[in-house]
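This report concerns one protein model. Please look at the sequence and the structure first.

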Amino acid sequence: MNFETAYMQLYIELGESKKMVLSTCLKNIVTSRMMSIIILDKKFYFQTDKNFRKYRQLKENPNISLCIDNIQIEGQCKELGKPCDQMEFVEAYKKNFPSSFTRYTLLKNERLFVVIPTFIERWKYVDGDPYIEIFDVINKRYSFTHYVGEL
């Protein structure tokens with residue numbers, strides 16, 4: 001399978017939204033938290049308050065990681081402004097996370113971030129056998145390798 005076909009299939013499987021763990025790092029301290037993520041155009045979006053620790057970490061170090069199930073996503077994060085100014089995000093967030101939308105999206109300190117993935121790794125099991133699927137997004141390379149550990 002080529003990169004484009006496999007990459008498209010991954011996003012079809014992910015759908016429009018997920019709860020994912022977001023990991024950030026600043027001054028050699030890594031922190032992680034569960035986030036409500038919207039997936040649009042092969043990018044990952046989330047909102048947070050600009051007074052939170054993760055906001056400061058993101059502003060000083062845009063390298064992040066997202067994790068869900070057997071999928072690890074590395075990427076670059078960028079602030080887009082207020083969530084309510086991005087209508088495509090607002091509609092998707094309201095539909096997928098209605099209570100979070102009502103509670104947080106319109107607050108004055110909320111900010112929207114986009115994650116542009118650079119590398120994705122997924123463990124898949126085919127007939128019980130483990131495979132490692134790798135998407136090198138920057139170089140548009142794809143691999144699907146049977147994992148055979150050493151005894």
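The model is predicted: local features need pLDDT of at least 70, side-chain atom pairs count only at pLDDT 80 or more, and totals for chains, interfaces and linings use all residues. Residues are numbered from 1 along each chain as its sequence is written, and side-chain values use heavy atoms, with hydrogens and water left out.

**Strand pairing**

Helices (H or I, at least four residues) and strands (E, at least two) are DSSP runs, numbered from the N terminus. Two strands pair if DSSP finds at least two bridges between them. The pairings of strand S6 (residues 110-126) are listed here.

| Strand paired with S6 | Sense | Bridges |
|---|---|---|
| S3 (residues 43-49) | antiparallel | six |
| S5 (residues 71-81) | antiparallel | ten |
| S7 | antiparallel | eight |

Val 115 in S6 is the bridge partner of Phe 44 and also of Cys 77. Towards S7, Lys 124 has Tyr 131 as its bridge partner. The hairpin of S6 and S7 has two residues between the strands, and Asp 127 there takes a positive phi near 50°.

**Nonpolar cores**

A nonpolar core is a set of buried Ala, Val, Leu, Ile, Met, Phe, Trp, Tyr and Cys residues joined through side-chain atoms within 4.5 Å. Buried means under 20% relative accessible area, exposed over 50%, and partly exposed in between (1.4 Å probe, protein chains only). The largest core has 26 residues, of which Met 20, Phe 44, Phe 46 and Leu 66 touch the most other members. Elements giving two or more residues to this core include helix H1 (3-14), strand S1 (17-26) and S6. H1 supplies the largest share, six residues. Another core, of eleven residues, lies apart from it, and has among its members Ile 38, Tyr 45, Phe 89 and Val 90.

Contact means heavy atoms within 4.5 Å. Not counting residues up to four places away in sequence, Phe 44 touches residues including Tyr 11, Met 20, Leu 66, Ile 73 and Val 115.

**Helix H3**

In helix H3 (residues 87-96), the buried residues are Phe 89, Val 90, Ala 92 and Tyr 93. Their cover includes strand S2 (29-40), S3, helix H4 (98-105) and S6.

**Asp 136**

Asp 136 lies in strand S7 (residues 129-136). Asp 136 counts as buried because its relative accessibility is 17%. Leaving aside neighbours within four places in sequence, Asp 136 is in contact with Phe 3, Thr 118, Phe 119 and Arg 141. The C-alpha atoms of Asp 136 and Phe 44 are separated by 17 Å, with the two residues 92 residues apart along the chain.
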